[in-house]
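Please look through the structure shown here with this briefing beside you.

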Amino acid sequence: MIKALVGILVFVINTVYKNRPYPRFYVLETVARVPYFSYLSVLHLYETLGWWRKVDWLKVHFAESWNELHHLLIMEELGGSQQWVDRFLARHVALLYYWIIVAIYAINPRAAYHFMELVEEHAYASYDKFLQSKEAALKQEPAPQVAISYYRDGDLYMFDEFQTSHPPTERRPQIKNLYDVFVAIRDDEMEHVKTMAACQQPDAQLTLQSPHTPAFAAK
């Protein structure tokens, strides 16, 4: 079922947006941040009911959604959301997938994390292919201001928070042009893959920590 859900999403994006990269990435990023909203919704529900509290997981998943939001803002600044039909498709698909992932996460969290691992793997591959085919042209284009603010000049706490595979401050993207921006986005997607894989480990509820948890940062 998980592979089928991902397959449907990939088929629609690849078919409709075959020759329109920025609208394609806009739709992809609109949908890609939704599962993190689903995880947060269910985690908040569990905490409200008094079942269990996972503060570190809330921090990490919110930071993941924050990262995907900035990918989306970059695509909007590049013109990916200019057409009404693209906004309509992206938002309605996102709404559908939000409720699907809420249901899956409530029943089987590991399956919900596997869904997002596959989505992020597809995003990584899509950006990597785009970088290889458009390298020269991208290096001639300036970086969008939102990318400069997020990756270079802003508060990097939230940027570090979603990357659970290494201590904070270890990864610092350079942002000199549009090529660097897409390299940073591509590499973000691989960090999401790693975090989603970590969330599926049998002992994840005991071992997965925020990168800013003192015990983690001291490693």
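His 192 has its place in helix α9, which covers residues 178–199, in a model that is predicted. With a relative accessibility of 0%, His 192 counts as buried, because buried means under 20%.

**The surroundings of His 192**

- The side chain of His 192 makes a polar contact with the side chain of Asn 67, at 2.8 Å.
- When residues up to four places away in sequence are not counted, His 192 touches Tyr 36, Glu 64, Asn 67, Glu 68, Glu 120 and Phe 162.

**Helix α2 against helix α9**

- Two packed helices are described by the angle between their axes and the distance between those axes.
- For α2 and α9 the packing angle is about 30°, and the axes are 14 Å apart.
- Angles under 35 degrees count as roughly parallel, and α2 and α9 are therefore roughly parallel to each other.
- The crossing of α2 and α9 is left-handed.
- On the α2 side, Tyr 22, Phe 25 and Glu 29 take part in the meeting, and on the α9 side Leu 178, Phe 182, Ile 185 and Glu 189 do.
- Sorted by class, the residues of this contact of α2 with α9 comprise five nonpolar, no polar and two charged.

**Helix α2 against helix α6**

- Helix α2 (residues 21–32) and helix α6 (residues 109–139) have axes that come within 12 Å and cross at roughly 155°.
- Angles over 145 degrees count as roughly antiparallel, and α2 and α6 are therefore roughly antiparallel to each other.
- The crossing in which α2 passes α6 is left-handed.
- From α2, the contact is made by Pro 21, Tyr 22, Arg 24, Phe 25, Leu 28, Glu 29 and Ala 32, while α6 brings Met 116, Val 119, His 122, Ala 123, Ser 126, Tyr 127, Phe 130 and Leu 138.
- By class, 11 nonpolar, two polar and two charged residues make up the contact of α2 with α6.

**Helix α4 against helix α7**

- Helix α4 (residues 55–77) packs with helix α7 (residues 145–153) at an angle of about 155°, and their axes are 8 Å apart.
- That angle makes α4 roughly antiparallel to α7.
- The α4 residues in the contact are Trp 66, Asn 67, His 70, His 71, Leu 73, Ile 74 and Glu 77, and those of α7 are Gln 145, Val 146, Ala 147, Tyr 150 and Tyr 151.
- Seven nonpolar, four polar and one charged residue form the contact of α4 with α7.

**The loop between α8 and α9**

- His 166 has its place in the loop between α8 and α9, and, with a relative accessibility of 10%, His 166 counts as buried.
- The side chain of His 166 makes a polar contact with the side chain of Gln 163, at 3.5 Å.
- Thr 169 also lies in the loop between α8 (157–161) and α9, but at 55% relative accessibility Thr 169 counts as exposed.
- Most residues other than glycine have a negative phi.
- The phi of Thr 169, however, is near 75°, which is a positive value in a residue other than glycine.

**Val 16 in helix α1**

- Val 16 lies in helix α1, residues 2–16, and is partly exposed, with a relative accessible area of 45%.
- In sequence, Val 16 and Ala 198 are 182 residues apart, and in space they are 33 Å apart from C-alpha to C-alpha.

Definitions and conventions. Residues numbered from 1 in each chain as written. Predicted model: local features only at pLDDT ≥ 70, side-chain atom pairs only at ≥ 80, totals over all residues. Heavy atoms only, no water. Axes fitted to C-alpha atoms, helices over the stretch in contact; angles between N-to-C directions. Helix = DSSP H or I, 4+ residues; strand = E, 2+ residues; numbered from the N terminus. Parallel < 35°, antiparallel > 145°, perpendicular 65-115°, else oblique. Left-handed = near helix turned anticlockwise from the far one by under 90°. Contact = heavy atoms within 4.5 Å. Nonpolar A, V, L, I, M, F, W, Y, C, P; charged D, E, K, R; others polar. Buried < 20%, exposed > 50% of the residue type's maximum accessible area, 1.4 Å probe, protein only. Polar contact = N/O pair within 3.5 Å; in protein donor to acceptor, adjacent residues only side chain to side chain.
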